[in-house]
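Here are some questions from a reader new to this structure. Each answer sets a value against a definition.

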Amino acid sequence: MIVGFGEQRAGGGDWPRPVVPRIGARLSYGLHRVLAANLLYRRLAAWLERGRPAYRWFTRVERVAKEQLYGCRMCGQCALPDTGYTCPMTCPKQLRNGPCGGVAADGRCEVHPDLVCVWVTAIERAQGAGHGADLDLLQRPVDHREWGRSSWVNYWQGRDDGLGVAYGEDDPRPLLRRELGLSPR
Ligand code: SF4
């Protein structure tokens, strides 16, 4: 049986398990506007990075908040805004650019067949909030040196610039959502 919204939670040991966020996508996009990078946040980020305890506490708050809401694993380079606010690091294979070939026809995860594939959740949330095109972005590989660091600070410091890049306009590669078969071709 596939577990529904709110029943898949973060945790379950050290290995990632697909998580359905506890907070809706539209609200998440709205919150992002509040946290959008600006000069004030950049200065705050720079100040936080100058003081070890302040940075540690700030990172702890981020960890608790995002872990509860999205199952965040603190990769430090947050892809949430491009994935319908569904954490790709909760994919057991930690794929950042769409599902593996093992996802079942009904959307179940290959590794945890009782759970919905992270990428099915992602595309449904993104499309439902009018952000389906975000899934077309190509996510760069994870920089493993950033694990455990604050993704908010990294974002405000401009380190996430280019985290998700668009294909060239004349690039014929198929769109991710078409590959999933979840939207008209
Ligand atoms: S910081 Fe990384 S692990 Fe945390 S929610 Fe964003 S993508 Fe997921």
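Q: Which residues gather in a patch of positive charge on the surface?
A: Arg52, Arg56, Arg60 and Arg63 do. Patches are made of residues with over 30% relative accessible area and no salt bridge, like charges being joined within 9 Å and nonpolar side chains (Val, Leu, Ile, Met, Phe, Trp, Tyr) within 5 Å. This is a predicted model, where local features need pLDDT of at least 70 and side-chain atom pairs count only at pLDDT 80 or more, while totals for chains, interfaces and linings use all residues. Residues are numbered from 1 along each chain as its sequence is written, and side-chain values use heavy atoms, with hydrogens and water left out.

Q: Why is Arg52 called exposed?
A: Exposed means over 50% relative accessible area, buried under 20%, and partly exposed in between (1.4 Å probe, protein chains only). Arg52 has 67% relative accessibility, so Arg52 counts as exposed. Its place is in helix H3, residues 52-70; helices (H or I, at least four residues) and strands (E, at least two) are DSSP runs, numbered from the N terminus.

Q: What makes Glu49 and Arg159 a salt bridge?
A: A salt bridge is a side-chain nitrogen of Lys or Arg within 4 Å of a carboxyl oxygen of Asp or Glu. The closest N and O atoms of Glu49 and Arg159 are 2.9 Å apart, and the pair forms a salt bridge. Glu49 lies in helix H2 (39-50) and Arg159 in the loop between helix H5 (151-156) and strand S2 (164-165), so the pair ties together parts 110 residues apart in sequence. Glu49, at 28%, is partly exposed, and Arg159, at 37%, is partly exposed.

Q: How do you know that Glu146 and Arg149 meet in a salt bridge?
A: The N to O distance between their side chains is 3.5 Å, and they meet in a salt bridge. Glu146 has 18% relative accessibility and therefore counts as buried, whereas Arg149, at 30%, counts as partly exposed. Glu49, Glu146, Arg149 and Arg159 are linked in a network of salt bridges. The whole structure has 8 salt bridges.

Q: Why is Cys109 in no disulfide?
A: A disulfide is a pair of cysteine sulfur atoms within 2.5 Å. The structure holds 0 disulfides. For Cys109, the nearest cysteine sulfur is that of Cys117, 6.5 Å away.

Q: What makes Cys109 count as buried?
A: Its relative accessibility is 9%, so Cys109 counts as buried. Cys75, with a relative accessible area of 8%, is buried.

Key: Accessible areas come from the Shrake-Rupley method with a 1.4 Å probe; for residues, only the protein chains shown count as cover. Lys and Arg count as positive and Asp and Glu as negative; His and the chain ends are not counted. The place of a charge is taken as NZ of Lys, CZ of Arg, CG of Asp or CD of Glu.
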